[in-house]
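Hi,

Here is the structure I promised to pass on.

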Amino acid sequence: MTLPQRKILVVDDEPEIRAVVRGVLETGGYLVVDTGDPVDALDLARKEVPDLVLCDLVMPRVDGYGVLRALQADAVTSRVPVVFLTARRDFSERVRAFRFGVVDYITKPFTRDILLK
């Protein structure tokens, strides 16, 4: 009996980043859905019910915190873990992210091994 594939939702406004993340995760055995529009993230998460959300922090219209709050406030997605995948490296931002409830904070550029962990 094979285990079901784990599904990851990637939210990043940069198509190149989404493509790289998708490639790494799919070769690692994950099923990936993605969006470049953070406003669509909640609807996509409700529809797909991912096992994890990888979300950029700085995006137009809605930032990563806005996506995180929307996911946390929805009964369907409130328990889905969120990891920020961002170019912001400052320690205070990392602390703030964990206080808001992210389960991990990965900085760009990232390695394949880091992303798969």
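Below is what turned up, starting with a pair of helices and ending with a few backbone details.

Before you dig in: this is a predicted model, where local features need pLDDT of at least 70 and side-chain atom pairs count only at pLDDT 80 or more, while totals for chains, interfaces and linings use all residues. Residues are numbered from 1 along each chain as its sequence is written, and side-chain values use heavy atoms, leaving out hydrogens and water.

**Two helices**

Helices (H or I, at least four residues) and strands (E, at least two) are DSSP runs, numbered from the N terminus. Take helix H3 (residues 64–73) and helix H4 (residues 91–100): their axes come within 11 Å and cross at roughly 15 degrees. That makes H3 roughly parallel to H4. Axes here are lines fitted to C-alpha atoms, for helices over the stretch in contact, and angles run from 0 to 180 degrees between N-to-C directions. Angles under 35 degrees count as roughly parallel, over 145 as roughly antiparallel, 65 to 115 as roughly perpendicular and the rest as oblique.

Which residues make the contact (heavy atoms within 4.5 Å)? On H3 they are Tyr65, Leu68, Arg69 and Gln72, and on H4 they are Glu93, Arg96, Ala97 and Phe100. Sorted by kind, the residues of this contact are four nonpolar, one polar and three charged. For that count, Ala, Val, Leu, Ile, Met, Phe, Trp, Tyr, Cys and Pro are nonpolar, Asp, Glu, Lys and Arg are charged, and the others, Gly among them, are polar.

**Aromatic rings**

A pair of aromatic rings is described by the distance of the centres and the angle of the planes. Rings of Phe, Tyr and Trp (its six-membered ring) pair if their centres lie within 6.5 Å; planes under 30 degrees apart are stacked, over 60 edge-to-face and the rest tilted. How many aromatic pairs does the structure hold? There are two.

In one, the ring centres of Tyr65 and Phe84 are 5.2 Å apart with planes at 85 degrees, so this pair is edge-to-face. Tyr65 sits in helix H3 and Phe84 in strand E4 (residues 82–86), so the pair ties together parts 19 residues apart in sequence. Are these two buried or exposed? Tyr65 is buried at 1% relative accessibility, and so is Phe84 at 0%. (Buried means under 20% relative accessible area, exposed over 50%, partly exposed in between, with a 1.4 Å probe and protein chains only.)

Tyr65 also forms a tilted pair with Phe100, 4.9 Å centre to centre and 55 degrees between the planes. This one links helix H3 to helix H4, 35 residues apart. Phe100 is partly exposed, at 30%. Together, Tyr65, Phe84 and Phe100 form one aromatic cluster.

**Backbone details**

Most residues other than glycine have a negative phi, and most peptide bonds are trans. Keep that in mind for these:

- Lys108 and Pro109 are joined by a cis peptide bond, with omega about -5 degrees. Pro109 is in the loop between strand E5 (104–107) and helix H5 (112–116).
- Val49 is not a glycine, yet has a positive phi of about 45 degrees. You'll find Val49 in the loop between helix H2 (41–48) and strand E3 (52–55), partly exposed at 44%.
- Arg61 has a positive phi too, near 75 degrees. Arg61 is in the loop between E3 and H3 and counts as exposed at 64%.

Cheers

Key
Contact means heavy atoms within 4.5 Å.
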